[in-house]
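Please look through the sequence and the structure shown here before reading on.

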Amino acid sequence: MSTAAPEHHAPDAYADPYAVDTTDDYWPAPANPYLDTDYLLAPPNPAERLSYTIDPRDRHRLDLHAALTTAGIPPRPEDRDAIDQLSALPAGINATLQRWLHHTA
């Protein structure tokens with residue numbers, strides 16, 4: 001069994017990955033170079049907000065996900081059952097859990 005060694009025919013056969021041919025224009029010029037497409041979005045209009053109510057259990061679950069992620073403990077898919085059980089606890093206990101997680105971050 002033989003191993004295949006790379007063949008080097010000429011010492012100058014090395015291709016420099018950083019060499020750039022500046023004679024070709026690779027990127028087309030913008031249509032209007034003075035048009036600034038980077039701008040801030042307008043502030044949201046409170047009258048246009050959608051009026052959805054979130055179930056308290058879902059709110060607790062979202063808040064717990066955010067608190068865990070902020071604390072550097074991103075929830076894994078296998079943690080779903082535990083998070084669902086913790087989300088079913090009363091609001092006071094959920095707030096205490098979030099406070100503990102905020103103090104660990």
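**Reading the helices from the inside out**

S87 is found in helix α2, where helices (H or I, at least four residues) and strands (E, at least two) are DSSP runs numbered from the N terminus. The model is a predicted one, in which local features need pLDDT of at least 70 and side-chain atom pairs count only at pLDDT 80 or more, while totals for chains, interfaces and linings use all residues. Residues are numbered from 1 along each chain as its sequence is written, and side-chain values use heavy atoms, with hydrogens and water left out.

S87 is buried, with a relative accessible area of 2%; here buried means under 20% relative accessible area, exposed means over 50%, and partly exposed lies in between (1.4 Å probe, protein chains only). Leaving out residues up to four places away in sequence, S87 touches R57, H60, R61 and N94, a contact being defined by heavy atoms within 4.5 Å.

Helix α1 covers residues 56–70, and its end C-alpha atoms are 21 Å apart, in agreement with the 21 Å that its 15 residues should span at 1.5 Å a residue, where the expected span is 1.5 Å times one less than the number of residues. H60, L64, A67 and L68 are the buried residues of α1. Viewed down the axis of α1, these buried residues fall within an arc of 95°, so they line one face of the helix, the arc being that of the directions from the helix axis to the C-beta atoms. An α-helix has 3.6 residues a turn, so residues three or four places apart point the same way. The buried residues of α1 pack against α2 and α3.

At the end of α1, T70 lies in the helix and is exposed, with a relative accessible area of 52%. The C-alpha atom of T70 is separated by 8.2 Å from that of L101, although the two residues are 31 apart along the chain. Just after α1, G72 takes a positive phi of about 85°.

Helix α3 (residues 91–104) has 14 residues and reaches 20 Å from its first C-alpha to its last, close to the 20 Å expected at 1.5 Å a residue. Its buried residues are N94, L97, Q98 and L101. Seen down the axis of α3, the buried residues fall within an arc of 95°, so they line one face of this helix, and they pack against α1 and α2 (80–87). W100 and H103, on the other side of α3, are exposed.

What makes up the largest nonpolar core? This core has 6 residues in all, namely L64, A67, L68, A71, I83 and L101, where a nonpolar core is a set of buried Ala, Val, Leu, Ile, Met, Phe, Trp, Tyr and Cys residues joined through side-chain atoms within 4.5 Å. Helix α1 gives the most to this core, with 3 residues. Apart from its neighbours within four places in sequence, L101 is in contact with L64, A67, L68, A71 and I73.

Taken as a whole, the protein chain has 3 helices and 0 strands, and its elements run α-α-α from the N terminus on. Of its 105 residues, 10% count as buried. Among contacts with a separation of 6 or more, 61% are accounted for by residues 24 or more positions apart. The protein chain exposes about 10,100 Å², of which carbon and sulfur atoms supply 58%; accessible areas come from the Shrake-Rupley method with a 1.4 Å probe, and for residues only the protein chains shown count as cover.
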